[in-house]
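Hi,

Here is the structure I promised to pass on.

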Amino acid sequence: MTDTLERKRTRSVEVEALAVILVLLVIFRESISGFIDGAALQTWITVFVSVLVQAVPFLVFGVLLSAVIAVFVPRSFWARALPRHPALAVPAASVAGVVLPGCECGAVPIAGSLIRRGVTPAAALAFLLAAPAINPIVLTATAVAFPGNPEMVLARGLASLVVAVLMGWLWLRLGKTEWIRLPHRHDEGASKGRAFWSACRHDVVHAGGFLVVGAAAAATINVVVPEAWLQTLAADPVLSVLALAVLAVLLSICSEADAFVAASLSQFSLTSRLVFLVVGPMVDLKLISMQAGVFGRGFAVRFAPATFVVAVLAAVGAGAVLL
Amino acid sequence: MNRQAQAVVLFLFGGAILKASLTDLYLRYVKEGLRPFLIAAGAALVLSAIMTIWYDLRAQPSDDGDDHGHAHHEPRVGWFLILPVLALLLVAPPALGSYTAGQSGTVQINAESDYPPLPAGDPAVIGLLDYASRAIYDDGRSLDGRRVRMTGFVSTGDDGVPMLARIVVSCCAADGRPIKVGLTGGPLVDVPAGTWLQVTGRYTAQRGKDPVNQADIAYVEVEQWQPVDPPKQQYE
């Protein structure tokens, strides 16, 4: 009973604190505007807001669709739909990612529930890697972001698919089931409408929060890092690939939005930007933390570095052939 | 972050997106074509906030444990969504302008295979990108004997030479790069950087180098100029 009261108290404080802060901000609006007079800071805010505004429709539609599929498509469907042999289930699950739109934040819990429903982990992991990178929403966003380079869409889809299948097969050879520890679920049995909106709310707040962090980082790089410095880095083919691969991990941008950030890094070669787009949806800080939460830490520390290496190699290969 | 706080944040975020897309504010950040999607996304955000509150009010006390039992599922990172709300509603940062033009080199112009005749009228109204491309890659052949009128803001190079500039955006302002056209001859342009001008002039073979990235810059022989209000769509 005390526990419930305690919970009720903290809950109201959060909303009230938010309200107080907002009221204060509105009251002191003039003096705040005075602070941000500097041209560099204004440019930072403009770039920050524009990355977000551009990404929002993709984020929202991705979350809505992934909530529809998570709630209204029975999980057993995937177990029945996949081939029985694990080596065949891996490519099948990767390709299934094409029709399952959503960003990586949505794919992690779905992959967890696939394993829970008896899908072989290798196939579920291939799905986890493929779904956020090669679904129609992400590929459309890529095409919109690179209007002059339609081959970018093909290269991104193919390279991501290759990484997903390779990692699935790698797991079949080397993976150990005991690395994966799935936590218990609590939200079974809720009504469909409730589960749907709960999934939407959670995914938007979660993914949106990380998107804000990513947009801020992208705006900072855009404004603070001198163009000449980026040009030196971008001029070296090896350095530029490594720099953008690391950047993709650090920025943790949602796969529905990362193409727009990549497009803005226009000093870099197309191949290095392709690396950014292939690595980002598969390995990044927020994904590593989510995977540690859903599959266990022992899994995340092995899976993420391996995926990083395979993704960089596959993207460079695809870039060499297609771009 | 509890469910009500998430609902409030979602509501504010969706509201800010709706406000930006229902007014002309969004044009400072993204291209015009995104508008219907922005409105739909903003509406969906507001709706999911309302549905969250609705299910919360309807919830049986025993349902309360649904989302509270496991703290790691409560995304604290969601508080960051307040930042874009504040940026859009309180600050509403301006479109990129002379600061970006001074920081970045002029955009790399693509050569067209074929330059159609200028639009009819005297002077012919054309964009900076179109002018620069015709001047540099077609040696001004399609500009010959015509007066042109261009609109942009003033950007001053290191050497004090006034240039007419405009930010070119292919997707959103994050990829915005300036296109610059040098101004020569005519009445002295003595307005501060960032002022929007309408310039009427003729093609000249004069060329310059962008101080930032050493790219070619076309010049226009100014006949007259006048300050104008910034256009609704500031990007090209």
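Below is what I found, starting with how to read the model.

This is a predicted model, where local features need pLDDT of at least 70 and side-chain atom pairs count only at pLDDT 80 or more, while totals for chains, interfaces and linings use all residues. Residues are numbered from 1 along each chain as its sequence is written, and chains are lettered from A and ligands numbered from 1 in the order in which they are written.

Chain A first. It has 16 helices and zero strands (DSSP runs numbered from the N terminus: H or I of at least four residues for helices, E of at least two for strands). Of its 323 residues, 53% are buried, that is, with 20 or more other C-beta atoms within 10 Å of their own; 12 or fewer is exposed, in between is partly exposed, and C-beta atoms are placed from the backbone.

The unreviewed UniProt entry puts "transmembrane region" at several stretches of chain A, including 152-172 and 204-225. Feature names there are shortened, positions follow the numbering used here, and annotations may be inferred rather than shown by experiment. In the model, residues 152-172 of chain A are 100% helix, with end C-alpha atoms 30 Å apart. Residues 204-225 of chain A are 95% helix, also with 30 Å between the end C-alpha atoms.

Now the two chains together. In chain A, 57 residues are in contact with 61 residues of chain B (contact: C-beta atoms, placed from the backbone, within 7 Å). The largest share of chain A's side, 19 residues, comes from α3(A). By class, that side of chain A has 34 nonpolar, 15 polar and eight charged residues. Here Ala, Val, Leu, Ile, Met, Phe, Trp, Tyr, Cys and Pro are nonpolar, Asp, Glu, Lys and Arg are charged, and the others, Gly among them, are polar.

The peptide bond from D122(B) to P123(B) is cis, with omega near -5 degrees, and P123(B) sits in the loop between α4 (98-103) and β1 (124-125) of chain B. A92(B) is not a glycine, yet its phi is positive, near 45 degrees; A92(B) is partly exposed, with 17 other C-beta atoms within 10 Å. D139(B), also not a glycine, has a positive phi of about 50 degrees. D139(B) lies in the loop between α5 (128-137) and β2 (147-156) of chain B and counts as exposed, with 12 C-beta neighbours inside 10 Å.

Cheers

Methods. Contact = placed C-beta atoms within 7 Å.
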